[in-house]
Amino acid sequence: MPLPYLTPATAQVEFQRTSLTLDVIARLACNTLDEALGNGGGPFDFVVVGSGMYGAYTAAKLVQLGQRGRVLVLDSGPFLLGEHVQNLSRIGYGVFRPVEGAPYISNVPIAPHYYCVGGKGLAWGKWSPRLLPSDLAVWPSSTAGALGELYPVLEEEMGVVPSSDFLFGDLQDELMRKFKAAGAPHDLAALLPPVAAQAEPPASGLYSFDAFSSLPLLVDAVRADAEAAGFADSRRRVFLVPNSRAVGFSFDRNLVTALHVHHAGESTVRTIPLGSQTKLILALGSMETTRLVMNSLGPGHPVYALAGRNLMVHLRSNLDVRISRAALNLAADALLLPAAVHLQGDQGGGGKRFHIQVFAATDMSRNPEAMLYRMVPDLDSLKALLANQRDDWVTFRVLTVGEMTPSPDKPRRTPGTSWCEPAEFDFDVCGDWHVPKLYAHFDLSDADQAHWDQMDRMAIKVMQDLAGGSADIEFLVNGQWQGAPPADIRTYRTSLGSTFHESGTLWMGDDPQASVTDSNGRFHAFLNLYAMDQSIFPSVGSANPVLTGLALARNMVANITHDTAMVAFDAVRPPHYGWKQPAPEVVNKVRERLLKRKRARRPN
């Protein structure tokens, strides 16, 4: 039966109680907006908007590596979980249902995002290959060089190294051997899965890190800072504030001067003044960051014409295949534990990148991932799961992931490109503000279509080669196993809006006239405004973006703190446009008029 909302007590309490819980963990990790702003501790040097994978990591490293400066972290959602959901046994992804929301509207179906502290970083897939040198060819050379140096650091921190220490057994060994032979004719490198989960402890006496999320790093930084400050808020350096949504920022020429925030449950939007030394770092995820930037700048600003171009996601298909044990030369009575392999491809040598993720198991659930990425604390339950691993078939879940062609030089609305911009008549109501939603339009070039076709055909051919030409291979098509692959190669494809990998809309580059941000994520047009998420990627390759994004965050922290020495701003000043933003109340009145016009157009 539904429960009532928590009714705040009239007296102040240390920890709040609900009908079912005592809110201790969130209280120890988070503060209210009033607590963060009104403790007499002086201005903040950094304001990080978004506490997802990149925002949490950036804030934690500003505290741990920067040594000086105060950091305020704002997130639009509540505190939900403190670590990756797969570390929590069978609680499952249904835990995110109360915080699901659409980050944009689109011409294609999109997957819901998670509006909570930690964001999608609490549920990401953890498959973490590097971008290839060919992917980085269009990146600023200084950034590409920094990524090369930082990839090993992040791989160790995330648990990608040692590679797949939680996968072992006869099936894993046999598949690695067979895929090396099956992939060689197609120029596919068979590699151990680069998964950000660690089974072995990093040092004696420590527990393993399990499935990686950056939120535990931020929570640890908050608690360590509170202890060092003697739990006096005025002396603390970092505050994490949930339920506070940034809806815009104000600026004067090339300096951001204020951030506008709607705190949940309040009827008005608050304005947080930003000092001349404060750096504003936007880490909301590509779409929300782009929305905030474009809504704040408005069509009259020169950067507005560039922002929103170059929208990229990944081309992805999910194939289900099964091969008999006999065709794989595996003993009929052997206990085969789950396995996984990473196949890295590059079509045509220097062509478009792709990779194939292969999961394998012998259970009857038709889902090889059922025994992967799970915490099973009960030994009897584990034995019951293993008892199902003796089927005559080995079932494979095959994921193909390919890159989309970047298009930063083509204006928004160019046919064959993907782009986004604020919607004209669709708004979110945030207190007394109407905030335009973001509309994303996805379209594929002819090269993208051909790449997707070729990638999926190659995956089918590799699996057929794995079966050694045997007839004992079947494909799952419309819920039925059949001996031939589907007649329509596009049967297995997922929506372009389902990958969670939206990138590129505020891409970095050395030329202020041909890119939005510089090699450090700072907007060319502003002294103190940064983006730190996938929006600054010039290209995406086929890799999950998290490894690269975290490496960029670590590089940005090192650069903007200048080896722990706080400086006012970078020596190279951005272009001076001489453009002043209209007052927020003027902008909001225009939006209200547009909303009334939209309502008037609706049929009765």
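**Entry 1: helix α5.** I worked from a predicted model. I looked up the ends of helix α5, which runs over residues 170–183, and found their C-alpha atoms 20 Å apart; this agrees with the 20 Å that its 14 residues should span at 1.5 Å a residue. I then listed the buried residues of α5, which are Leu171, Gln172, Glu174, Leu175, Met176, Lys178, Phe179, Ala182 and Gly183.

Entry 2: I traced an open sheet of seven strands in the order β8-β17-β18-β19-β16-β22-β23, and noted that the pairing is antiparallel. At its edges stand β8 and β23 (480–482), each of which has a single partner strand, so one side of each is left without a neighbour in the sheet. From one strand to the next the twist averages 25 degrees.

Entry 3: For arginine 322, I noted glutamate 474 in β22 as the bridge partner.

**Entry 4: helices on the sheet.** I recorded that α5 packs on the sheet, where it touches β8, β17, β18 and β19, and that its direction makes about 20 degrees with that of β17. Helix α9 packs on the sheet too, touching β16, β17, β18, β19 and β22, with a direction that makes about 15 degrees with that of β16.

Note on methods: Residues are numbered from 1 along each chain as its sequence is written. This is a predicted model: local features need pLDDT of at least 70, side-chain atom pairs count only at pLDDT 80 or more; totals for chains, interfaces and linings use all residues. Side-chain values use heavy atoms; hydrogens and water are left out. Helices (H or I, at least four residues) and strands (E, at least two) are DSSP runs, numbered from the N terminus. The expected span of a helix is 1.5 Å times one less than its number of residues. Buried means under 20% relative accessible area, exposed over 50%, partly exposed in between (1.4 Å probe, protein chains only). Two strands pair if DSSP finds at least two bridges between them. Axes are lines fitted to C-alpha atoms, for helices over the stretch in contact, and angles run from 0 to 180 degrees between N-to-C directions. Contact means heavy atoms within 4.5 Å.
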